[in-house]
Amino acid sequence: KDVPPPSPQPKQYKLVWEDQFNGTTLDGTKWFHRQPGIRHDGFNDESAVYLDGNGNAVIRVYSDTVGSNITHYTGMIATKREFTHGRFECKAAFSNQSGSWSAFWLQSPTMGNPVGNPRKAGMEIDVVESLPNDGRVHINLHWDGYEADHKSAGYKTGNLGCNDGQFHTYMLEWTPEYYKFFVDGVQQWMYTTHVSQRSEFIILSSEVRNGTPGSWAGSIVPGGYGSKAGSQTIMKVDYVKVYQLQ
C-alpha cells in the first residue's frame, strides 16, 4: 500500500542574529557608528554610546560647554548586516528630556531611489520613537526620500509608559505583504499599503533638535543635558534580536 508523503512542515521563525550587549565593548563586527558629526542640533559621537557592563548598551545624550559654546553629544549605531523580512525585537528603556528623542528603527541604503517605488527603494521603518513627557509609542514609516517627494504614514499608541525609564519590548513583524508592530507582545498597528522588499539595516539612536514648545520633541533643555556622568537623558538597550522564517 502506498504511503502518502509527509506534509511539509510550516516554516518557523528562528533566531538568526542577536546582540545581548554583554561585556564592556561594543561589538565592532556587528555595529558601526553611523553619521558621526553634526546631526540636527547635536553632534553624533562615539563617546555617547557604551556598554555598561551589566548587559546593556547605553546611548547617553550629554552636553559640554567651552566658553560660550555648548555642544550636545548624541549617538547612533547601525548594524553592519542588512536583513529582508523577519521579526525584529528590541528590549529598551527610554528617559528622554525636552528636545531629545530616541528610536529603534530600520533604514534602507537606497531609500528614495527610485522615487515612487518604495518596494524597491526601501523605507524608513520606525518601530518605536520615544519622545519627552510622552508615554506613547510613535510608530512611523517614511519613503521617497526626505525632500519634496517625501511621504509618510504613522500611528501613535495610547500611554504605554514608553518614556518612564522602564524596559519594554518593541517588535516589528515584516513580511512581503505587511508590517505589524507590537509593544510588550501586544499588536498596536498593521500597515499593508507600501512594504519594502529590499534589505535594510537596524539603527539605535538618540538625537536632539531645538524646536518650539509643542513641536516634535520640544525645546532643548536650557543649559543642556548635563555632563556625560550626570546626564539623565538615556536610552538603554538590553538586547536586539532578529528572527527569520526557516
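The questions and answers below treat selected residues, the cysteines and the pockets.

Modeller: This is a predicted model, in which local features need pLDDT of at least 70, side-chain atom pairs count only at pLDDT 80 or more, and totals for chains, interfaces and linings use all residues. Residues are numbered from 1 along each chain as its sequence is written, and side-chain values use heavy atoms, with hydrogens and water left out.

Biologist: Is Ser102 buried or exposed?

Modeller: Ser102 belongs to strand E9, residues 100–107 (strands, E, are DSSP runs of at least two residues and helices, H or I, of at least four, numbered from the N terminus). Buried means under 20% relative accessible area, exposed over 50%, and partly exposed in between, with a 1.4 Å probe and protein chains only. The relative accessible area of Ser102 is 0%, so Ser102 is buried.

Biologist: Which side chain is joined to that of Ser102 by a polar contact of 2.6 Å?

Modeller: A polar contact is a pair of N or O atoms within 3.5 Å; within protein, one must be able to donate a hydrogen and the other to accept it, and residues adjacent in sequence count only if both atoms are side-chain atoms. The contact of 2.6 Å links the side chain of Ser102 to that of Ser206.

Biologist: Is Lys120 buried or exposed?

Modeller: Lys120 is found in helix H1, residues 118–121. Its relative accessibility is 56%, and therefore Lys120 counts as exposed.

Biologist: How many disulfides does the structure hold?

Modeller: A disulfide is a pair of cysteine sulfur atoms within 2.5 Å. The structure has no disulfides; for Cys90, the nearest cysteine sulfur is that of Cys162, 11 Å away. Cys90 counts as buried because its relative accessibility is 1%. The number of disulfides is zero.

Biologist: Which element gives the largest share of the lining of the largest pocket?

Modeller: A pocket is found on a 1 Å grid over the protein atoms alone, as an open set of points where a 1.4 Å probe fits, with protein on both sides within 12 Å along at least five of seven lines; lining residues have an atom within 4 Å of a point. The largest pocket has a volume of about 360 Å³, the space filled by probe spheres set on the points, which are joined across faces, edges and corners. Of its 19 lining residues, those closest to the centre include His40 and Glu124. The largest share, four residues, comes from E9.
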